[in-house]
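Here is a short note for a colleague who is opening this structure now. The points are numbered and can be read beside the model.

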Amino acid sequence: MDRVIQLDHLVKNYHMGGTPVHALKDVSLEIGRGEFVAIMGPSGSGKSTLMNILGCLDKPTSGAYLLDGIAVGQLDRDELAEIRNQKIGFVFQQFNLLARTSALENVELPLLYTTTPARERRDRSMAALSAVGLSERYEHYPSQLSGGQQQRVAIARAIVTHPRIILADEPTGALDSRTSIEIMAIFQRLNREAGMTVIVVTHEPDIAAYAGRNIHFRDGRLQRDLVIASPLDAARELENLPAEENEEVTV
Amino acid sequence: MKLLASIRIALRALRVNRMRSALTMLGIIIGVAAVIAMVAVGSGATARIKEQIQSIGSNLIMVLPGSITTSGMRLGGGVGVTLTEDDGRAIAAECPAVSLVAPTVRGGAQVMFGNNNWATSIVGTTPDYLKIRELSILSGRAFTDDDVAGAGKVALLGSTVAHNLFGDADPVGQIMRIKNVPFTVVGELIPKGQSPSGQDQDDVILIPLSTARRQVTGTSQANARSVGTLMVQAIGPQAMSAAEAEIRPLLRQRHRLQNDQDDDFTVRNLAEVFAAQESSARVMSILLGAIASVSLIVGGIGIMNIMLVSVTERTREIGLRLAIGAKTRDILSQFLVEAVTLSLLGGVTGIAIGIGASLLISYLAKWSTLVSPTAIMLAFVFSGLVGIFFGYYPARKAALLDPIDALRYE
């Protein structure tokens with residue numbers, strides 16, 4: 001299988017108020033193209049640190065991290081920014097959309113840091129918005145959208161650059177359970193239909209159940225790595241739920 | 001990222017906090033307006049002095065008789081009889097740096113026409129005087145060398161005299177009386193306005209030198225050919241001191257002065273006097289501008305302050321931008337463009353207000369003000385530089401944020 005992520009004896013230490021913290025202790029891991037992985041663990045397990053390293057926001061203390069074949073440990077600040085721009089789509093718990101900026105412009109944002117011409121930026125952003133079922137609302141501001149819709153805009157922003165991986169940090173943490181399933185349905189669809197590699201960091205087993213592979217962390221070590229033979233299908237789950245008035249499901 | 005896109009983003013960010021942006025700009029607006037208005041007042045004064053120097057005549061050197069001592073009593077300068085018409089001719093002929101010389105005699109006289117009378121000063125001279133003083137004829141003609149040779153009773157009136165004697169009527173061709181002697185008015189001069197020392201340069205009558213001696217000032221018993229002042233025009237502004245240096249030894253030689261004797265004449269270079277005045281006006285305008293620039297710098301500090309607040313407020317936005325691929329220079333330029341946009345908007349508004357203020361000053365205080373395009377350009381560029389200078393530190397602070405910390409910032 002084509003490997004997108006390769007971690008080889010990864011160690012991350014940092015200091016917090018003078019005391020050294022061994023956040024990751026010798027982690028080796030491979031994630032292949034098209035996988036849907038949930039990284040789980042209690043707080044302090046090192047999953048956030050791993051997330052930051054996978055997202056090229058932080059560098060490992062030692063060990064190697066190959067993203068799409070590139071050893072990102074050797075890169076400087078601006079080269080890392082370029083890698084993030086081209087290869088990674090971020091989805092955050094708090095959405096992190098720019099206020100007073102339309103959905104379309106929010107989605108366009110990563111393309112502003114590329115040389116993409118304006119027309120193509122707009123076309124790709126509209127395509128990304130329709131992929132998450134929000135093409136009708138491209139002019140809306142975040143304040144005019146529900147939490148689920150805001151997270152869908154954030155997902156559109158993550159996929160607009162056609163990244164190698166989507167990194168979602170507690171993407172459903174701020175959402176109710178029905179909306180959470182809707183978001184997971186989008187991730188599943190992107191994973192199945194577009195072959196996108198999706199990595200979701202979560203502490204909720206309900207959410208991890210939609211992933212094809214669950215990796216558990218504890219005390220900075222990889223504790224368990226399980227392949228789920230038949231993960232839950234979010235779209236089917238939604239059909240079984242009683243219909244609700246708050247959001248129209250356009251997945 | 002493209003500059004245009006950056007400016008759009010900056011304008012949007014500034015619109016979000018309209019009041020705050022306006023107040024921040026106010027510092028720059030006041031600074032730029034003050035600089036523009038102050039420099040306008042200063043250059044207005046300079047221009048006025050320049051204009052007055054032009055009104056005396058360009059490249060003008062005056063040669064006056066020196067002070068004389070009779071029976072132990074020292075009389076002031078300008079009363080002697082040591083200068084003559086022949087000195088004037090010699091200067092014109094022998095000094096290469098001199099283009100024209102006009103001898104003059106002066107006197108006061110009561111002049112009359114019909115029921116009107118007026119006390120004015122009479123200048124007896126030659127036609128070259130008009131060229132040296134840059135006087136032009138409004139109507140009629142100037143008197144000629146023949147008039148001088150024949151002691152013709154012809155007069156050329158300054159506009160003040162013409163107005164007081166003739167009202168609005170054309171004086172040319174009329175017969176008027178100077179000290180009861182009838183003179184034919186041959187022409188009227190174009191008004192010159194005030195001299196730098198505040199005299200009315202139009203309250204004068206020009207008549208031929210010979211006529212003046214005979215009818216107005218009388219002839220000195222000591223020296224029948226003596227004149228009051230020699231008006232000398234140098235060939236160019238650079239030739240002024242050369243002309244001065246040529247005139248002095250020539251006159252000393254002609255007056256047979258020994259080495260230990262003082263000059264019995266005075267050479268006065270008026271341009272030098274007024275150039276000193278002009279440069280002091282310029283220094284004043286620079287000082288005013290410098291003081292006003294202080295408020296521009298205060299305005300810049302205001303921008304820096306508000307940009308720092310803005311960077312702190314938007315830490316999460318910066319974190320997000322960094323996470324999705326903004327490079328250090330992208331964030332740097334975003335905030336720098338924002339600061340410069342702020343300061344340039346303030347600068348343009350300040351320029352408009354400064355122009356308005358200088359118009360108001362010249363209207364209310366009757367000072368002449370001059371808003372020069374250079375001052376406007378300088379103010380514009382300077383306000384942009386203020387934006388760059390005071391915007392750089394906050395922008396750099398934003399650009400060097402750690403994306404992880406910035407994203408986590410509450």
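1. Chain A has 251 residues and a radius of gyration of 18 Å, which agrees with the value near 18 Å for a compact globule. That radius is taken over C-alpha atoms, and the globule rule is 2.2 Å times the number of residues to the power 0.38. Along the principal axes, the C-alpha atoms of chain A fill a box of roughly 50 × 45 × 40 Å.

2. A word on the basis. This is a predicted model, where local features need pLDDT of at least 70, side-chain atom pairs count only at pLDDT 80 or more, and totals for chains, interfaces and linings use all residues. Residues are numbered from 1 along each chain as its sequence is written, while chains are lettered from A and ligands numbered from 1 in the order in which they are written.

3. Chain A holds eight helices and 10 strands. These are DSSP runs numbered from the N terminus: helices are H or I with at least four residues, strands are E with at least two. Of its 251 residues, 47% count as buried. Buried means 20 or more other C-beta atoms within 10 Å of the residue's own, exposed means 12 or fewer, and partly exposed lies in between, with C-beta atoms placed from the backbone.

4. Contacts in chain A span the sequence. Among those between residues at least 6 apart, 68% join residues at least 24 apart. A contact needs C-beta atoms, placed from the backbone, within 7 Å.

5. Look at helix α6 (residues 177-193) of chain A. Its 17 residues reach 24 Å from first C-alpha to last, close to the 24 Å expected at 1.5 Å a residue. The expected span is 1.5 Å times one less than the number of residues. Buried residues of α6(A) include A:I181, A:I183, A:F187 and A:L190. The buried residues of α6(A) pack against β3, α5, β8, α7 and α8 of chain A. Just after α6(A), A:G195 takes a positive phi of about 70 degrees.

6. Helices α3 (residues 103-112) and α4 (residues 118-131) of chain A pack at about 115 degrees, with axes 9 Å apart. Axes are lines fitted to C-alpha atoms, for helices over the stretch in contact, and angles run from 0 to 180 degrees between N-to-C directions. The crossing of α3(A) and α4(A) is right-handed. By class, their contact has seven nonpolar, one polar and four charged residues. Ala, Val, Leu, Ile, Met, Phe, Trp, Tyr, Cys and Pro count as nonpolar, Asp, Glu, Lys and Arg as charged, and the others, Gly among them, as polar.

7. Which helix gives the most to the side of chain A that touches chain B? The contact takes 17 residues from chain A and 16 from chain B. On that side of chain A, α2(A) gives the most, with six residues. By class, the side has eight nonpolar, three polar and six charged residues.

8. In chain B, the axes of α1 (residues 3-16) and α11 (residues 328-364) come within 9 Å and cross at roughly 65 degrees. The residues of the contact of α1(B) with α11(B) divide into eight nonpolar, four polar and one charged.

9. B:P191 lies in the loop between β9 and β10 of chain B. B:P191 counts as partly exposed because it has 15 C-beta neighbours inside 10 Å. Leaving aside neighbours within four places in sequence, B:P191 is in contact with B:S159 and B:D202.

Conventions: Contact = placed C-beta atoms within 7 Å. Left-handed = near helix turned anticlockwise from the far one by under 90°.
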